Amino acid sequence: MFTYGNLLDEMQMFCRFGAETGIVGESELGQQIPYVFIGQKNGNCMIVQAAIHAREHLTALLAVCQAKYLLKNSSLTLLGGIYFVPMVNPDGVRLCQEGVNCLDGDDRRAAIAINRGMDFSLWKANAKGVDLNVNFDAEWGCGTENEFEPAPQNYVGTKPFCAAESRTLKDFTLRLNPCVTLSYHLKGQEVYWQFNQEGEAAERDEKLANAIAAYTGYTVKSTPGSVGGYKDWCIQTLQIPSFTVEVGSDDFLHPFPYSQFRTIYEQNADLPRRLLNTVVSMRQS
């Protein structure tokens, strides 16, 4: 398993090899949410975020390995820079992996009550029971599977950005003003790109989604009734292409086996660089 402690160790490794690292912000429980930057700062940047859902912690390892791939292959053309945020939801990941022993007092009691048991291996939310990927201000609270009380998954929160993690990712994104974002989730081997785009924007984003599918071998899908996600907010607010990629075969159940990581990595290793280069080239043409 790839843990929060492993992530902090990897950030130290990136520093030793001269990569820029930093902090996006802090989680509800005060844990730092780190990033690593690879590339050049020329006004063209991309955000790759992962593990916004706790049980999908394998995607954090994927984002770290993608950053390592670019660091090792510095001769590859990169028409901008990529900010990798491997673990947006460190509290939730720790709860999923360690159980309630990572929480204290009222937080522990509340989590047990929300989960209705002691097995947190399928937990998706943050430590407060907010599903971060339905907490963004993009048709917030209108999803077909939304919950309106704290839950292991799908609870929208009391209002958009009420969760520290979604709020800090929003602020980080607005500060950087990326030209494209990529969100990694688990599982299904699918690519999602739609959120009310029309005309040229829809044509652009569908073309890019098809390119992602061609590279990964995944399938382009639509998600009617799914709203309030980071991808949705990026499309609506920044009017940029933004994609969710669901890695991992549906042949496997959660908790998803790390034995499948090599296949997932090989399908996605160079995707961030290729996507950023394509978007920058389209903007310049």
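Author: A salt bridge is a side-chain nitrogen of Lys or Arg within 4 Å of a carboxyl oxygen of Asp or Glu. The structure holds twelve salt bridges. This is a predicted model: local features need pLDDT of at least 70, side-chain atom pairs count only at pLDDT 80 or more, and totals for chains, interfaces and linings use all residues. Residues are numbered from 1 along each chain as its sequence is written, and side-chain values use heavy atoms, with hydrogens and water left out.

Reader: What makes Arg-204 and Asp-205 a salt bridge?

Author: Their closest N and O atoms are 2.6 Å apart. The cut-off is within 4 Å, so the pair counts.

Reader: What makes Lys-170 and Asp-171 a salt bridge?

Author: The closest N and O atoms are 3.7 Å apart. That is within 4 Å, so the term applies. Lys-170, at 18%, is buried; Asp-171, at 37%, is partly exposed.

Reader: How do you know that the buried residues of helix 6 line one face?

Author: Helices are DSSP runs (H or I, at least four residues), numbered from the N terminus. The buried residues of helix 6 include Ala-202, Asp-205 and Leu-208. Seen down the helix axis, the buried residues fall within an arc of 145°, so they line one face. The arc is that of the directions from the axis to the C-beta atoms. The face turned away carries the exposed residues Glu-200, Glu-203, Lys-207 and Ala-214.

Key:
Buried means under 20% relative accessible area, exposed over 50%, partly exposed in between (1.4 Å probe, protein chains only). Helices (H or I, at least four residues) and strands (E, at least two) are DSSP runs, numbered from the N terminus.
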